[in-house]
Amino acid sequence: MAGNMGRALISLPAKAKRGAVIEIRAMIAHPMETGYRPDSQGRLAPRDIVNRFECLFEGEQVFAADLFPAMSANPYLSFTMRVDAGGELAFRWRDDSGAMAEEKRRIEVE
Amino acid sequence: MSRVRAVIVLVCASAASLAHAEVALDQRKSGADFMSAATRAMQDDDTANPAMLSTLDGESLWTEKAGDAQKSCGDCHGPAPQSMKGVAARYPAYNVARKAPLDLSGQVNACRTDQQKAEAFKPESAQLLALSAYIGLQSRGMPVSPPDDARLAPSRAQGEALWSQRIGQLNFSCAQCHDDNWGKRLGSALIPQAHPNAYPIYRLDWQGMGSLQRRFRNCMSGVRAQAYPYGAQEFIDLEVFLSHRARGMPVETPGVRP
């Protein structure tokens, strides 16, 4: 992780019944500089926002979003997914500086 | 601007009742009780509360070796969930080595300089807020328990005097808003009772974390007073007084505020 990209907080159940729809929440620490805010010297702080979020299950995209400057700092996304099998979820964020963050979580079916 | 106008309206409205009344113990309400349902839900849900990101940073700083001593907080204190349980609830506390009351972040910095032999964290730095929030989290749900310590008495008395003293071009005391007019509107904001039990907080207006002193400074600039600098004795005194005033209320750290 680099630059403005910070910690991520992900919440999903560790286990779900096969076929169940689960809610996944993902939040990442990021100032989401809009490019319109003067810094302490009065200069405009350059725009740096998280512009892309993706969630993949075993390499296959299950959710993706393009983000814009109107999002608050520390963007928080919540979405649902149907669980047909156990496996690994990957969460990816990318910001304007090109910095990437990735987190992985496993989910099991019961 | 609308806030300033609202202040002036409030001056007129409260000019008739100048003698200030303390908030009765059973009438105390946390700042969270004055928030919208959505903001309260954000505070109550650890997966939606942005301040939890800061506590995660605090958790990793806890085990990071630093300074000439090359020791981490955890090297001396052990895991925070045990060693720091209930600690934040009884701060500010009297520190024997400094012969003065310290707030929690002052104690963190005392360990930073005296124990780790490292440079103190800057006021409002992400690290200082993160460690304070992480330590505060270990007291969440526990009652605010200011120490029954005679050495804190002068500070508490001084804090109470500051609380009641009119300041700034608008000539308002903290008490006039927070004891006499809580629950009323000031512009778009509801005036809370000013309890310190959720700090450090994530404030939506700041789009980030901030300390109780940052909040104090906001209120002081709001009445056009010269705000004391971070770390000022006046702020410690105010916090000693406010933690006594909030005794028994549950710690909510890390809180969310509008």
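In chain B, 21 residues of domain 1 are in contact with 19 residues of domain 2. This is a predicted model, so please read everything below with that in mind. The area buried between these two domains is about 1600 Å², and carbon and sulfur atoms give 73% of that area. On the side of domain 1, the residues that lose the most area to domain 2 are Arg151(B), Met209(B) and Pro254(B); together they account for 29% of what that side buries. If you go looking for salt bridges across this interface, the rule finds zero.

Domain 1 of chain B is made of two stretches, 3-45 and 148-257, while domain 2 covers 51-137. Taken over C-alpha atoms, the centres of the two domains are separated by 24 Å.

Now let us turn to a pocket to which both domains contribute. The second largest pocket draws at least three lining residues from each of domain 1 and domain 2 of chain B. About 670 Å³ of space lies in this pocket, and 35 residues line it. To find its centre on your screen, pick out Asp103(B), Leu104(B), Ser105(B), Ser132(B) and Glu239(B), which lie nearest to it. The elements of chain B that each supply at least two residues of this lining are strand β2 (100-102) and the helices α6 (104-115), α7 (126-137), α10 and α11. Sorted by class, the lining has 19 nonpolar, twelve polar and four charged residues.

The largest pocket comes next, with a volume of about 1100 Å³. Of the 40 residues that line this pocket, the closest to its centre are His178(B), Leu190(B), Pro192(B), Arg215(B) and Cys219(B). The lining divides into 27 nonpolar, seven polar and six charged residues.

Which element gives the most to the lining of the largest pocket? That is α10(B), with seven residues. Several other elements of chain B each supply at least two residues, including the helices α1 (2-14), α8 (153-164) and α9 (174-178). Strands take part as well: β3 (185-186), β4 (189-190) and β5 (201-203) are among the elements that each supply at least two. Helix α11 (233-245) also belongs to this group.

Terms used
Residues numbered from 1 in each chain as written. Chains lettered and ligands numbered in written order. Predicted model: local features only at pLDDT ≥ 70, side-chain atom pairs only at ≥ 80, totals over all residues. Heavy atoms only, no water. 1 Å grid on protein atoms, 1.4 Å probe; cavity = no way out; pocket = protein on both sides within 12 Å on 5 of 7 lines; lining within 4 Å. Points joined across faces, edges and corners; volume = space filled by probe spheres on them. Helix = DSSP H or I, 4+ residues; strand = E, 2+ residues; numbered from the N terminus. Nonpolar A, V, L, I, M, F, W, Y, C, P; charged D, E, K, R; others polar. Domains from an automatic or database assignment. Contact = heavy atoms within 4.5 Å. Buried area = accessible area lost by both parts, 1.4 Å probe. Salt bridge = Lys/Arg side-chain N within 4 Å of Asp/Glu carboxyl O.
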